Amino acid sequence: MSTDLANTAAADLLDADPQRVADTNAVVRALALPDGARSLEVFNPATGDTIAAVPDADPGQALRAVAAAEAAGREWAARTPRQRADILRRWYDLINEHAEKISLLITSEMGKPLVESRAEVTYGGDFVRWYAEEAVRPGGNVRDVPTGGATLLTRRAPVGLSVLITPWNFPLAMATRKIAPALAAGCPVVIKPATLTPLTTFYVVDLAYRAGVPVDLVQVVTTGDASAFSEAVLTDARVRKVSFTGSTGVGKILLKLAADNVLRSSMELGGDAPLIVFDDADLERAVNGAYAAKMRNGGQSCIAANRIYVQDGIADAFVEGLVEKMAAARVGNGLADDVALGPLIDDRAVSSMQKLVDDAVAAGADVRSGGHAIAGPGSFFEPTVLDHVATTAEAARTEIFGPIAAIQRFRTEAEVVHRANSTEYGLAGYVFTENLDRALNVADALQTGLVGINQGVPSNAAAPFGGIKQSGLGREGSAEGLDEYQEIRFYNIARRTTGSDVVGSG
């Protein structure tokens, strides 16, 4: 199924002139679907316009994708690491070659400003390049049994058919961050992109085919019934791995399904990131870093700064600086080059932002900028700064996932560390201070999988991304990301001891 669809994507999806960035209808045309086939519409959140239709697969079609990928996976696993690496490198080159088209596609279906889409193409492509390099460095070891008489040889093997479920907020990077290590390890793939932003996945998978990835090896399945898909494929004996990025609630459901077949599971789940600004922070760097950590992707990021804690001595100046920066951010269709904040993903997200603001104000917060939805067309909300947010407000206790900076104030280091860790989540945290000892001590004390110190964008393909507590299991990126798709095996090799094996003293 995915072969025909992805080839259609290559032929029809992005034949527009890349310079016509203001015309969203010129970016994509609808995927060709068989007559009578069930379909799902894809909308541009900046305009509300339908820009494409994709298949709405049923569980039977999903299982046929599983069968096709599993069959292709046997030959792929038998290829040498160098052969797999060379194909991944060609895929990376094709992503770069088509970077502007992919950027237009991301902005059209997801809404983020074009400058951020271009950055995502660079970031997402880096995972393909990284795993092209990691593919030829498989782990292994040789060691003697401590009691003698045998040698242990450890080797890596592909974990097997991998089901990858990606979110809508980074449609390229979340796909490549999962597909690339799976292919590098020798695994076949069934990937289900979010129905809000599936077009980018179809297109970049087609580029993978053009690079030499066998057409059945990576299967793209879109469906409006995610539960039926998950129940069908995760209980199929041919599936050996699931990787999911999304909410903690959905992740728990998938883990329960995975338990029956004892699947290897990677879960990148919800976040509630604390960002801490100490009195001794460089003010300009703190404001710029907080803005980046909050406003990247319009705040629609699992590692977005959620609870912003500012020490009393610097708080007023910090708030003034952040208000100025947020108020200056131009809101509009992300296809315009000078836009800093595009739409939210849909009207439900806009409604959620308004409820968070209203609740915070009712609990005593001051609205320093923004605070309102913007009339359509499109799903827009103003860049918003809330000061003196109460700990009881929803904005202080839930993942915001939008352009609202919720600021709380604190007095002591011990106090803020306690407040920062008072959550079931533990994905990302941020620390701004010019004191190196404090930076490292607070980073060590934060119960998070990653920490940005004096910077607001800590993610990198070379870093092992992932959370602790209810923010997930496993890591993506770096060498650790390849481990998630490999089984460790060992051979115990008996040795016959002879006199020639003994080293003499002379």
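**Figure 1. Secondary structure and overall dimensions of the predicted model.** The protein comprises 15 helices and 22 strands, where helices (H or I, at least four residues) and strands (E, at least two) are DSSP runs numbered from the N terminus. The model is predicted: local features need pLDDT of at least 70, side-chain atom pairs count only at pLDDT 80 or more, and totals for chains, interfaces and linings use all residues. Residues are numbered from 1 along each chain as its sequence is written, and side-chain values use heavy atoms, with hydrogens and water left out. The C-alpha trace spans about 80 × 70 × 40 Å along its principal axes.

Figure 2. Among contacts with a separation of 6 or more, 71% join residues 24 or more positions apart; contact means heavy atoms within 4.5 Å. The mean positions of the 47 positive and 62 negative charges lie 7 Å apart. Lys and Arg count as positive and Asp and Glu as negative, without His and the chain ends; the charge is placed at NZ of Lys, CZ of Arg, CG of Asp or CD of Glu.

Figure 3. Rings of Phe, Tyr and Trp (its six-membered ring) pair if their centres lie within 6.5 Å; planes under 30 degrees apart count as stacked, over 60 as edge-to-face and the rest as tilted. By this rule the count is three aromatic pairs. One of them, tyrosine 123 with phenylalanine 127, is edge-to-face, at 5.0 Å centre to centre and 70° between the planes. Both residues belong to helix H5 (residues 114-134), and because they are four residues apart, about one helical turn separates them. Tyrosine 123 is buried at a relative accessible area of 12%, and phenylalanine 127 is buried at 0%.

**Figure 4. Close-up of the aromatic pair between two loops.** Tryptophan 168 and phenylalanine 401 form an edge-to-face pair, 5.8 Å centre to centre with 85° between the planes. Tryptophan 168 lies in the loop between strand E5 (161-165) and helix H6 (173-185), and phenylalanine 401 in the loop between strand E15 (384-387) and strand E16 (404-410), so the pair ties together parts 233 residues apart in sequence. Tryptophan 168 is buried, with a relative accessible area of 18%.

Figure 5. In helix H13 (residues 413-421), Val416, Val417, Arg419, Ala420 and Asn421 are buried. The cover over the buried residues of H13 includes strand E10 (273-277), strand E11 (305-311), E16, helix H14 (436-445) and strand E20 (468-469).

Figure 6. Leucine 234 is located in helix H8 (residues 226-234) and is buried at 1% relative accessibility. Apart from neighbours within four places in sequence, leucine 234 contacts Val163, Val239, Val242, Leu254, Leu257, Asn261 and Leu263. Alanine 67, in helix H2 (residues 59-78), is partly exposed, with a relative accessible area of 29%.

Key. Buried < 20%, exposed > 50% of the residue type's maximum accessible area, 1.4 Å probe, protein only.
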